[in-house]
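Visitor: Hi, I'm new to reading structures. Can you walk me through this one?
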Amino acid sequence: MSGTKKETGFSFTIDGVEVTAYAGQTIMEAADEAGVYIPRLCDHQGLRHQGSCRVCTVKAGGRSVAACTQPAAPGQAVENETKHLNKMRRDLVEMLFHEGNHLCPICEASGNCELQAMAYRLDMTETTRFPYLEPCRALDASHPDIALDTNRCISCGRCIRASQDVDGKGIFGYVGRGIHRRVAVNGENLADTDAEVSDHAISREVCPVGCIIRKRVGFVTPIGEREFDNGLIGHEIEEKRK
Amino acid sequence: MTEPRMIEISPVTRVEGHGKVTIHLDEENRVEEARLHIVEFRGFERFIRGRLMWEVPVIVQRLCGICPVSHHLAAAKAMDMIAGVDELTPTAEKMRRLMHYGQVMQSHVLHFFHLAAPDLLFGFGAPAEKRNIFEVIKEKPELGKRAVLMRKYGQEIIEATAGKKIHGTGAIPGGINRNLTIERRDHFLGSIDMMIEWALDAVKLARDYTQEHEALVAEFGSFPSNYMSLVRESDGALDLYHGSLRALSSTGDLIFDQIPYTRYHELIVEDVRSWSYMKFPFITELGPEAGWYRVGPLARMNTASFIDTPLADKAHAVLKAETGGVPNNSTLANHWARMIEVLHCIEKIRELLNDPDLQGTDLIAEGQRREEGIGVIEAPRGNLIHHYKVDEHDQVTYCNLIVSTTHNNEGMNRAVKDVAVKHLSGQAQITEGMLNHVEVAIRAYDPCLSCATHALGQMPLQVELFDAEGSMVDSRRQSI
């Protein structure tokens with residue numbers, strides 16, 4: 001495969017940095033391989049791309065596109081780390097905070113949470129300018145090994161894709177429309193599904209926030225050893241270039 | 001003769017949390033009634049319901065920013081019980097103890113040097129602008145430096161064991177999530193001897209103040225009461241982290257002893273009064289009139305048979321000798337007791353730092369799940385009770401918290417009235433300095449008013465003066 005890739009490789013630039021891509025790769029896939037980080041929340045390695053959170057929006061050919069779904073094109077000049085794009089991304093992240101109940105100080109995902117880490121990366125140093133919607137959503141702790149606190153859900157749909165495509169189960173799905181669109185379980189509650197704690201959809205890396213909770217392991221990782229305690233989100237990709 | 005009046009002191013300063021004092025004067029300016037009102041309501045007991053059991057130690061510690069470790073550990077102990085863990089691994093138990101000793105040390109140092117020292121050094125009636133830590137640093141730079149560095153040492157112990165100086169995550173149901181690295185251990189050992197020396201000096205400072213102001217200490221907000229605390233199981237030694245309940249009368253007679261703290265609800269009842277968000281607990285068998293009691297450093301000095309660290313034990317014996325071995329009822333002697341506990345904590349920290357169990361890797365124990373858990377600890381301000389019930393889904397269904405300042409509610413109110421009667425009664429003019437005397441009495445208990453009401457929002461403490469007909473005629477309020 002690598003031989004084939006080399007034959008079809010082409011170049012484009014991201015913020016002036018020359019990046020090599022191969023046929024069929026998205027801008028984000030090529031950027032990741034080249035060590036250029038494009039912020040994202042709904043995209044996750046190993047899951048099909050969805051392009052819904054728009055945090056990965058870049059400028060390509062003068063248009064705003066989702067880097068996780070837009071194919072890379074030869075000779076294209078992509079803008080990523082611009083003041084304008086990062087402000088737009090920060091606005092999106094702020095809106096996610098204002099739509100849910102994200103109480104970082106008491107959340108067991110704190111330090112491992114991609115939403116929190118993204119807010120830090122995008123320099124969201126103050127509370128959101130938008131009014132908090134403060135939704136009232138019940139905790140679903142019906143399952144013996146898993147709990148769902150949808151107050152923290154950002155509707156990224158990673159659990160939906162993981163459950164459908166990797167686990168072959170379809171535990172989760174979207175319900176509602178517009179502002180009311182939410183992730184829900186396919187049943188009365190989680191205990192009413194065939195979800196198992198070993199499912200890929202339930203694993204820590206799939207849920208970017210503290211919505212899907214594996215019971216009785218909260219706070220086991222000490223402060224200082226959590227995923228984002230010692231580096232900004234995306235640093236592992238950026239380190240490829242160093 | 002003047003019109004009856006009401007004085008309001010609001011907020012009471014240099015305490016944790018917000019409250020006010022009201023003092024009612026009659027036509028002759030005599031104090032008729034004086035009360036400490038806690039005007040906050042926080043509602044933790046209610047909104048913790050429905051949350052998951054392992055979140056509890058992290059959530060409830062947000063009751064307080066001064067001694068969150070106490071709530072963190074009391075809740076963790078309750079969750080140990082629910083997790084079915086009756087005995088922690090040696091590393092977990094010792095790490096938690098280290099965290100707690102660091103916490104008690106830093107909290108006591110904060111109170112004595114930063115909050116109380118201005119009164120003790122400059123006088124209760126000194127100008128308000130003089131009564132703060134910055135003036136202490138200016139006039140006693142060495143003392144000020146030690147105050148800052150001793151607190152820093154305790155805070156760093158907390159950080160090394162809980163992950164953060166304030167609101168960490170170290171204790172989890174059944175154990176702890178980290179051990180102590182050799183590097184951190186050696187860092188702390190590097191200055192432990194200096195800490196011991198400074199603590200000895202602090203004990204001397206507090207003892208000298210108490211002995212040099214014998215007459216003041218004897219009369220200022222002092223009255224007989226019952227005392228309650230945990231003591232070590234089996235031998236009754238001072239134990240701040242674990243033990244069983246002991247209560248003494250003002251003359252030293254045992255009211256109960258070595259009662260497992262899981263039976264606290266058989267021993268004490270919480271009374272409610274309309275004018276305060278803080279409850280009034282009392283010992284059940286003695287009733288509300290005779291059964292109120294005090295907790296905290298002086299209570300612990302009274303209840304403990306001895307202290308199991310040599311320097312603090314020696315200091316304890318000197319304090320006990322002041323009253324011939326019977327309980328010391330002097331509110332101001334709390335400062336002396338507090339410094340003895342600082343010394344004890346540092347001795348304990350030294351003992352633990354030299355224990356290789358702190359580098360162990362067996363951190364979490366498991367057991368047979370229960371649905372109810374009670375955790376009790378001796379917090380800096382006194383006995384702290386956390387009680388929870390959890391359903392089969394791991395969600396909290398019941399929570400009851402009795403914090404140190406709540407235990408001391410009746411005692412603080414009596415101290416307020418005692419000082420108001422002695423220092424304000426019959427005075428034609430009430431000065432700010434006179435009102436500070438009332439605050440000094442409250443401050444001796446080092447109350448944490450926000451903890452005591454599990455309160456929500458910000459409401460300042462104020463002092464109000466009422467006339468005989470109940471109209472407010474004067475109030476003092478400080479913006480914070």
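Visitor: Leaving aside neighbours within four places in sequence, which residues is Asn383(B) in contact with?

Guide: Asn383(B) is in contact with Met228(B), Ser229(B), Leu230(B), Val295(B), Val376(B), Glu378(B), Ser404(B) and His407(B), with neighbours within four places in sequence left out. Two residues are in contact if their C-beta atoms, placed from the backbone, lie within 7 Å. Before we go on: this is a predicted model, where local features need pLDDT of at least 70 and side-chain atom pairs count only at pLDDT 80 or more, while totals for chains, interfaces and linings use all residues. Residues are numbered from 1 along each chain as its sequence is written, and chains are lettered from A and ligands numbered from 1 in the order in which they are written.

Visitor: Got it. Is Asn383(B) buried or exposed?

Guide: Asn383(B) counts as buried because it has 30 C-beta neighbours inside 10 Å. The cut-offs are 20 or more other C-beta atoms within 10 Å for buried, 12 or fewer for exposed, and partly exposed in between, with C-beta atoms placed from the backbone.

Visitor: And where is Asn383(B)?

Guide: Asn383(B) is in strand E13 (residues 382-390) of chain B. Helices (H or I, at least four residues) and strands (E, at least two) are DSSP runs, numbered from the N terminus. The C-alpha atoms of Asn383(B) and Leu230(B) are separated by 7.1 Å, although the two are 153 residues apart along the chain.

Visitor: Met228(B) was on that list. What does Met228(B) touch?

Guide: Not counting residues up to four places away in sequence, Met228(B) touches Leu245(B), Ala247(B), Tyr293(B), Val295(B), Ala299(B) and Asn383(B). Met228(B) sits in strand E6 (residues 226-231) of chain B, and it counts as buried because 28 C-beta neighbours lie inside 10 Å. From Met228(B) to Leu248(B) is 20 residues in sequence and 6.5 Å in space, C-alpha to C-alpha.

Visitor: Switching to helices. At what angle do H15(B) and H16(B) pack?

Guide: About 155°, with the axes of H15 (residues 409-423) and H16 (residues 432-443) of chain B 9 Å apart. Axes are lines fitted to C-alpha atoms, for helices over the stretch in contact, and angles run from 0 to 180 degrees between N-to-C directions. H15(B) and H16(B) are therefore roughly antiparallel to each other; that label is for angles over 145 degrees, with under 35 roughly parallel, 65 to 115 roughly perpendicular and the rest oblique.

Visitor: Which residues of H15(B) and H16(B) meet?

Guide: From H15(B) come Met412(B), Ala415(B), Val416(B), Val419(B), Ala420(B) and His423(B), and they meet Met434(B), His437(B), Val438(B), Ala441(B) and Ile442(B) in H16(B). By class, this contact of H15(B) with H16(B) has 9 nonpolar, 2 polar and no charged residues. Ala, Val, Leu, Ile, Met, Phe, Trp, Tyr, Cys and Pro count as nonpolar, Asp, Glu, Lys and Arg as charged, and the others, Gly among them, as polar.

Visitor: How many residues are in the largest nonpolar core?

Guide: The largest nonpolar core has 195 residues, and Ile340(B) and Val416(B) have the most contacts inside it. Helix H4 (residues 90-122) of chain B gives the most to this core, with 13 residues. A nonpolar core is a set of buried Ala, Val, Leu, Ile, Met, Phe, Trp, Tyr and Cys residues joined through C-beta atoms within 7 Å.

Visitor: What does Val416(B) touch, then?

Guide: Leaving out residues up to four places away in sequence, Val416(B) touches Val21(B), Ala34(B), Arg35(B), Leu36(B), Val438(B), Ala441(B) and Ile442(B).

Visitor: How many residues of chain A are in contact with chain B?

Guide: 16 residues of chain A are in contact with 18 residues of chain B. On the side of chain A that touches chain B, they divide into 9 nonpolar, 4 polar and 3 charged.

Visitor: Staying with chain A, what is the phi of Asp15(A)?

Guide: It's positive, about 50°, although Asp15(A) is not a glycine. Most residues other than glycine have a negative phi. Asp15(A) is in the loop between strand E1 (10-14) and strand E2 (17-21) of chain A, and with 14 C-beta neighbours inside 10 Å it counts as partly exposed.

Visitor: What about Phe219(A)?

Guide: Phe219(A) isn't a glycine either, and its phi is positive at about 70°. Phe219(A) is in the loop between strand E9 (212-214) and helix H6 (235-238) of chain A, and it counts as buried, with 22 C-beta neighbours inside 10 Å.
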